[in-house]
Amino acid sequence: MTAAPPPRCDRIAELTADQFQARLPEALQIYVTAMGYPPATAQQRAPMWSAHMQRAGWRCIGAFSEQDQLIGIGYGYLGAPGQWWHEQVRRGLLSSGAEIGDWLDDYFELTELHVHPAGQGAGIGERILRQLLTGAPGNKVLLSTPEGPTRAWRLYRRVGFTDVLRNYRFTGDPRPFAVLGRSLPLEER
Ligand SMILES: CC(C)(COP(=O)(O)OP(=O)(O)OC[C@H]1O[C@@H](n2cnc3c(N)ncnc32)[C@H](O)[C@@H]1OP(=O)(O)O)[C@@H](O)C(=O)NCCC(=O)NCCS
């Protein structure tokens with residue numbers, strides 16, 4: 001039996017909150033598959049992803065197959081004091097002795113970026129990322145990713161992300177993470 005060919009990306013498009021909500025089960029399926037998480041993680045994450053849609057500056061980009069299946073997803077919003085991730089990064093910067101500088105002012109938090117494994121390695125993640133950041137609010141973008149090397153790392157370096165914090169442990173996750181950032185807007189290509 002031959003494996004099914006990877007889905008071809010037909011279009012990359014912005015999703016409204018209503019459109020994303022309607023696609024939430026599909027998006028969460030991509031997330032758990034891409035990250036290798038147990039399927040039950042999808043239901044646990046659903047209320048959090050729905051709450052994120054209400055945040056200021058929320059912006060979401062999806063990649064779709066010719067059959068209108070979701071192949072990849074990326075979203076983020078304006079980070080702000082009081083949000084869990086913001087406070088975690090602030091704590092990490094303070095405890096590392098690094099300069100907080102203005103990293104935590106006026107930034108777009110790239111919260112999720114995932115491509116279904118069958119569609120990975122064809123440039124879809126980079127297309128989603130670039131479209132998400134083109135028009136994103138904030139004068140910089142920050143993200144966290146498990147320490148590499150991974151394909152995500154190659155992508156973020158290619159798009160110009162530099163180190164903000166390395167080998168940081170977020171509360172409740174034993175893995176070391178990096179926090180990466182870059183200025184916005186992206187350069188014209
Ligand atoms: C990280 C992730 C989103 C990247 O998306 P992707 O579509 O797989 O990757 P990219 O868009 O970067 O493209 C990947 C490869 O395609 C190649 N490529 C780029 N443009 C291409 C094109 N037009 N045609 C064919 N290949 C292309 C790139 O050279 C790149 O090669 P490399 O990664 O082997 O160096 C995806 O791999 C993923 O979901 N990973 C698991 C979840 C994850 O780690 N998410 C991030 C958490 S922070």
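Visitor: Which helices and strands each supply at least two residues of the shell around the ligand?

Guide: In this predicted model, local features need pLDDT of at least 70 and side-chain atom pairs count only at pLDDT 80 or more, while totals for chains, interfaces and linings use all residues. Residues are numbered from 1 along each chain as its sequence is written, and side-chain values use heavy atoms, with hydrogens and water left out. Helices (H or I, at least four residues) and strands (E, at least two) are DSSP runs, numbered from the N terminus. The elements that each supply at least two shell residues are helix 2 (24-35), strand 4 (107-115), helix 5 (124-133), strand 5 (140-146) and helix 6 (151-158).

Visitor: Which element gives the most to the shell around the ligand?

Guide: The residues of the shell divide into 9 nonpolar, 7 polar and 4 charged, where Ala, Val, Leu, Ile, Met, Phe, Trp, Tyr, Cys and Pro count as nonpolar, Asp, Glu, Lys and Arg as charged, and the others, Gly among them, as polar. With 6 residues, the element that gives the most to this shell is helix 6.

Visitor: How far does an N or O atom in the side chain of Arg158 lie from an oxygen atom of the ligand?

Guide: A polar contact is a pair of N or O atoms within 3.5 Å; within protein, one must be able to donate a hydrogen and the other to accept it, and residues adjacent in sequence count only if both atoms are side-chain atoms. A backbone N or O atom of Glu126 lies 2.7 Å from a ligand oxygen, and the side chain of Arg154 places an N or O atom 2.9 Å from an oxygen of the ligand. For the side chain of Arg158, the distance from an N or O atom to a ligand oxygen is 2.7 Å.

Visitor: Which residue meets Arg45 in a salt bridge?

Guide: The count comes to 14 salt bridges, each defined as a side-chain nitrogen of Lys or Arg within 4 Å of a carboxyl oxygen of Asp or Glu. In one of them, at 4.0 Å from N to O, the side chain of Arg45 meets that of Glu112. The pair links distant parts of the chain, 67 residues apart, with Arg45 in helix 3 (residues 40-52) and its partner in strand 4 being Glu112.

Visitor: Where is the place of Pro149?

Guide: The peptide bond from Gly148 to Pro149 is cis, with omega near 10°. Pro149 itself is placed in the loop between strand 5 and helix 6.
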